[in-house]
Amino acid sequence: MFQAILIEKDGGDVRSSLSDVDDQRLPPGDVTVRVAYSTLNYKDALAITGKAPVVRSFPMIPGIDFAGVVEHSDHPAYKTGDKVALNGWGVGEQHWGGLAQQARVNGDWLVPLQNPFTLRQAMAIGTAGYTAMLCVMALEWHDVTPDKGEVLVTGAAGGVGSVAVALLSKLGYDVVAVTGRPEEAVYLRALGAKDVLDRAQFTEPGKPLAKERWAGAVDVVGGQVLANVCAAMKYRGTVAACGLAGGMSLPTTVAPFILRGVTLAGVDSVMCPKELRIEAWRRLSEDLDLDKLDALTEEVGLPDVISAAARLLDGQIRGRIIVPIGTEMA
Ligand code: NDP
């Protein structure tokens with residue numbers, strides 16, 4: 001038996017609980033991992049609370065990421081004792097995930113733990129941090145260099161936003177953070193933000209084109225905020241868009257794209273090709289300040305994950321939540 005958060009569906013109701021699960025019920029896969037740490041991402045919170053149809057089959061163990069030690073492997077790339085991490089691939093949505101003492105997955109989905117990270121640090125970064133790195137790389141591919149001007153990060157006090165602020169400032173960008181929690185300004189400046197703006201400045205419908213201000217942007221919010229960010233991009237600027245914390249819609253016009261050559265670069269971490277994942281983790285090992293990583297991390301035990309999920313969706317969590325599970329391996 002192993003302990004896990006289990007999401008069950010009873011008629012129309014979704015119910016999550018801390019449960020003992022028989023390991024005979026683990027799904028098919030060629031690598032079994034003893035989980036050391038998992039995390040609580042926005043998508044996990046949606047799954048656990050049932051606020052959005054993230055889970056595709058029930059019962060489901062949530063947890064879109066985990067880091068741990070290989071217990072058994074029939075995969076040529078891994079052997080017992082190897083330290084590994086996993087992000088995405090539908091784990092925690094359609095395949096049992098990481099908020100559990102054990103996980104069994106397809107070995108092709110794993111990445112070897114990247115030096116110099118510990119298992120704990122790998123999950124302090126987690127899917128949110130690795131997605132933040134993918135966003136930064138998307139800006140770089142579109143020639144958004146530090147000399148081009150200010151770079152905006154929305155949802156800055158959340159998981160993706162916090163890591164994006166830390167990465168961009170370390171890389172020499174002038175980072176402007178947007179937050180709905182002005183009380184987090186000190187935290188955001190400590191992560192490297194040069195300036196902090198109130199989200200309220202971005203939530204009302206604006207003109208198709210506003211004054212040009214941002215050379216680049218990382219957006220986790222979507223909706224009206226993303227529309228207003230696009231309208232204020234500098235000529236040939238790029239927005240890396242990865243989230244929908246403020247909504248799925250995008251009430252914009254083509255004006256920023258056809259008149260200013262703005263690029264809207266979509267970022268997906270779930271099905272991201274393996275070479276790019278490995279490159280993102282390599283870049284994190286170079287470009288993320290580990291002291292800042294500690295400052296943006298909160299630990300929540302497995303039994304408290306369900307209440308933390310509700311707090312996260314209420315916008316009350318700062319930075320990243322990591323969930324220690326089998327920490328003696330870390
Ligand atoms: P968090 O909950 O940690 O952060 C989201 C932040 O968005 C909040 O902290 C808050 O920041 C802001 N926010 C919350 N609600 C609203 C709202 N109604 N309007 C405007 N801003 C809001 O989540 P994550 O950082 O883990 O994820 C952020 C988004 O990115 C999510 O939508 C998630 O699904 C997506 N994501 C996408 C991935 C991909 O592969 N494309 C991978 C990982 C995440 P503040 O208080 O500072 O304003």
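## Contacts with the ligand

A polar contact is a pair of N or O atoms within 3.5 Å. Keep that cut-off in mind as you explore this structure, which is a predicted model. In Ala245, a backbone N or O atom sits 3.3 Å from an oxygen atom of the ligand, so this pair falls within the 3.5 Å limit. Side chains take part too. Thr179 has a side-chain N or O atom 2.7 Å from an oxygen atom of the ligand, and a polar side-chain atom of Arg181 is also placed 2.7 Å from a ligand oxygen. The ligand has 910 Å² of accessible area on its own, and the protein covers 86% of this.

## Who surrounds the ligand?

Which residues come nearest to the ligand? Among the 23 residues around the ligand, they are Val160, Thr179, Gly180, Arg181 and Ser269. Sorted by class, the shell holds 11 nonpolar, 9 polar and 3 charged residues.

## The loop between β12 and α6

Now look at the loop that runs between β12 (233-241) and α6 (255-259), where you will find Leu244. Together with Tyr42 and Met248, Leu244 forms a nonpolar patch on the surface, and the three have about 320 Å² of accessible area together.

Ser249 belongs to the loop between β12 and α6 as well. With a relative accessibility of 45%, Ser249 counts as partly exposed.

Let us turn to strand β5, which spans residues 83-87 and contains Ala85. Why does Ala85 count as buried? Its relative accessibility is 3%, and buried means under 20%. From Ala85 to Gln3 there are 82 residues along the chain, while the C-alpha atoms of the two are separated by 19 Å.

Glu93 has its place in the loop between β5 and β6 (102-105). Glu93 counts as buried because its relative accessibility is 4%. What joins the side chains of Glu93 and Lys43? A polar contact of 3.2 Å links these two side chains.

Notes: Residues are numbered from 1 along each chain as its sequence is written. This is a predicted model: local features need pLDDT of at least 70, side-chain atom pairs count only at pLDDT 80 or more; totals for chains, interfaces and linings use all residues. Side-chain values use heavy atoms; hydrogens and water are left out. A residue is near a molecule or strand if one of its heavy atoms lies within 4 Å of it. A polar contact is a pair of N or O atoms within 3.5 Å; within protein, one must be able to donate a hydrogen and the other to accept it, and residues adjacent in sequence count only if both atoms are side-chain atoms. Accessible areas come from the Shrake-Rupley method with a 1.4 Å probe; for residues, only the protein chains shown count as cover. Ala, Val, Leu, Ile, Met, Phe, Trp, Tyr, Cys and Pro count as nonpolar, Asp, Glu, Lys and Arg as charged, and the others, Gly among them, as polar. Patches are made of residues with over 30% relative accessible area and no salt bridge: like charges are joined within 9 Å, nonpolar side chains (Val, Leu, Ile, Met, Phe, Trp, Tyr) within 5 Å. A salt bridge is a side-chain nitrogen of Lys or Arg within 4 Å of a carboxyl oxygen of Asp or Glu. Helices (H or I, at least four residues) and strands (E, at least two) are DSSP runs, numbered from the N terminus. Buried means under 20% relative accessible area, exposed over 50%, partly exposed in between (1.4 Å probe, protein chains only).
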